[in-house]
Amino acid sequence: MIVGAGRSVVLAVGLAAAVVLAGCSGTLVEYAAAPATPPDAALDANEYVHGNTTEVPLTYRAGVFGVVSRDVTVRTWVSGYSRTTAGNETAVLVLYSSPNVRVEGRSVNPLAQLSNRELASFVLERVTDLRVAGGVDGVSDLRETGTRNVTVLGVPTRTVSYAGTAEVDGERAGVVVDVTAVEHGDDVVVALGVYGDALDETATHAALVERMEHEG
C-alpha cells in the first residue's frame, strides 16, 4: 500500500506491535490482502468493464520503542472498472483491499479508523498515483450529500455520497464520489465510485458493490 507520512507511521507502529505480541522471529513479516471483484455477470449487466488490477507492495523497517525491528511488507490490491456513456462521459468504480492487521483483536489498519470523507481522499490519492481511474485527477472540496444502506460481503454498512470538483481530462468539472467500506475477514475493503455530476451512478455502484466477491 502507498500511504502518506502520517498514515505510514500509524500503520508501521501497529504492524510492529503485532510482530511483538505474536512473538515473531526473523527479519521479514508480510501481510497480504485478497483482491475484491464484482462478478462478470454484474459488470456485464451494468455495462462496466475491467480496466486493470494492481498489487501494490510496500516494504519498510518497523519497530516499537526499540523493542523490535522488522522488515514489514504490506500488499494491497487496487482494481478499476468503468463505463462510458453515449455522451462520452465516464463513470469509475475502484475496489481497494488492504490487510486488516489486528492487535489483541482490534484492527490497527488506519483505513478502519478513517471517516468516509478521509477514506475518499486517501483512496483518491492512491488511485491518482496508479492511474486506475482513467482521466480523473485532483478531486477536492468534498461535501456530503446523502447515504444509502447496503449490505456488502454479508456486512450491513452505508454508502456515503459526496459532491466535489475534479480535473477530468485536463478540465475542472463537478463530480460525485460514493464511498463504501467494510472489514471482511483479514482485510479492509473500500469501494469508491467517481462520476460526473450529470450522471447518477449511485444505485448502479450499489448493485456492483453488493455483489462484490472477496476471499476473506
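**Salt bridges and burial**

At 3% relative accessibility, Glu-201 counts as buried, where buried means under 20% relative accessible area, exposed over 50% and partly exposed in between (1.4 Å probe, protein chains only). This is a predicted model, in which local features need pLDDT of at least 70, side-chain atom pairs count only at pLDDT 80 or more, and totals for chains, interfaces and linings use all residues. Residues are numbered from 1 along each chain as its sequence is written, and side-chain values use heavy atoms, with hydrogens and water left out.

Which residue does Glu-201 meet in a salt bridge? Its partner is Arg-83, at 2.8 Å, N to O; a salt bridge here is a side-chain nitrogen of Lys or Arg within 4 Å of a carboxyl oxygen of Asp or Glu. Arg-83 lies in strand β4 and Glu-201 in the loop between β11 (187-196) and α4 (202-210), so the pair ties together parts that are 118 residues apart in sequence. Strands (E, at least two residues) and helices (H or I, at least four) are DSSP runs, numbered from the N terminus.

Arg-83 is itself buried, with a relative accessible area of 17%. Leaving aside neighbours within four places in sequence, its contacts (heavy atoms within 4.5 Å) include Asn-46, Tyr-48 and Thr-90.

A search of the whole structure finds two salt bridges. In the other, Arg-75 meets Glu-55 at 3.8 Å, N to O. Arg-75 belongs to strand β4 and Glu-55 to strand β3 (residues 49-63), so this pair links parts 20 residues apart in sequence. Arg-75 is partly exposed, at 23% relative accessible area, and Glu-55 is partly exposed at 32%.
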